[in-house]
Amino acid sequence: MPQDLRLFRPAIVRRRAALAALAAGLLIPARRARADPMLLRIGGTGMALATMRQIGDLFVATNADVEIRILPSLGTSGGLAAVAAGPIDLALSARDLADADRTKGLQGFAYARTPIAFVTHTDVGMQEISLDGVARILAGQTTAWPNSTPVRLIRREPSDADWTMLRGVSAAMADAVRIALARPGLLTVATDQDNADSIERLPGSFGAMTIGQINAEARRVKPLVLDRVPPTVEALAAGRYPLSRTLTIVWREQHRQHVARFLAALRGPEASALLMRLGHIPLAGPGA
């Protein structure tokens, strides 16, 4: 384990455990290749892990000298810190690289865009919602669904990118986010997988997830039509659906040859086709 690995462990217990697994070599293989292959280690934002695991399977099928290992969610910040310091080879980021990241020798490209949907438990008798309706739920003004099931808002941490996205929608939404973050007694989850687990499990739940994560993880949740527009790739590409997340893959300036091979494959037709099937708009390859 690198001496300074503890410096960029996130405070969240789940992410701390993931980094500990990285240090111990207890990583989750996307697919095992031959004995003693070259190892490609990938970690970062939870919303992209399941999709990248499937892309990794495609890559290893034609690159038998490489083994890909996917770390449980580190979050964007944890993934960028880990790739900069060396424990992982590639980071998956839910934001663009900042100048501060590039000064650490990091490079990256946006490889996909996917809609962000407001989602509920499958027992909720709702098919659509408005942005005003979302704001009322966040602010605690709407406390029950039309079928009388209590609304159970699944709250993310204050620094989560979804809150930042929502604050930018309108002044009213920014105020609703402020109220939601201050409300007592709400379940607050740490990672994208915790978020998905809670929405899937808890009757009356309400939260937000990307369509890419829902499809790649085969989540049993109900995405809601937003202001009469479905959260589909087609609606996003046409400019009709307003909410999305752009995913970036990040590497160090000095990287090994099999890292470059994987990046080339991510731009290729097979990866682009898989991204589209799982609810993404490819941004870096033939489907772009």
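1. The largest cavity in this predicted model holds about 110 Å³ of space, and one cavity of 30 Å³ or more is counted. A cavity here is a set of points, on a 1 Å grid over the protein atoms alone, where a 1.4 Å probe fits but cannot get out; points are joined across faces, edges and corners, and the volume is the space filled by probe spheres set on them.

2. Among the residues lining the largest cavity are Phe-118, Leu-138, Arg-156, Asp-162, Trp-163 and Phe-206, where lining means having an atom within 4 Å of a point. Two or more lining residues come from each of α5 (131-138), β7 (152-156), α6 (161-167) and β9 (205-210), helices (H or I, at least four residues) and strands (E, at least two) being DSSP runs numbered from the N terminus.

3. Helix α2 (residues 49-62) packs against helix α11 (residues 257-266) at an angle of about 110 degrees, with the axes 11 Å apart; axes are lines fitted to C-alpha atoms over the stretch in contact, and angles run from 0 to 180 degrees between N-to-C directions. In this packing, Met-52, Ile-55, Gly-56 and Phe-59 of α2 meet His-258, Arg-261, Phe-262, Ala-265 and Leu-266 of α11.

4. The protein chain has a mean pLDDT (the predictor's confidence in each residue, from 0 to 100) of 89, with 87% of its residues at 70 or more. Over residues 1-13, however, the pLDDT is below 50, although this stretch has 24 contacts (heavy atoms within 4.5 Å) beyond near neighbours in sequence.

5. Residues are numbered from 1 along each chain as its sequence is written, and side-chain values use heavy atoms, without hydrogens and water. Local features need pLDDT of at least 70 and side-chain atom pairs count only at 80 or more, whereas totals for chains, interfaces and linings use all residues.

Technical notes
On a 1 Å grid over the protein atoms alone, a cavity is a set of points where a 1.4 Å probe fits but cannot get out, and a pocket is an open set with protein on both sides within 12 Å along at least five of seven lines; lining residues have an atom within 4 Å of a point.
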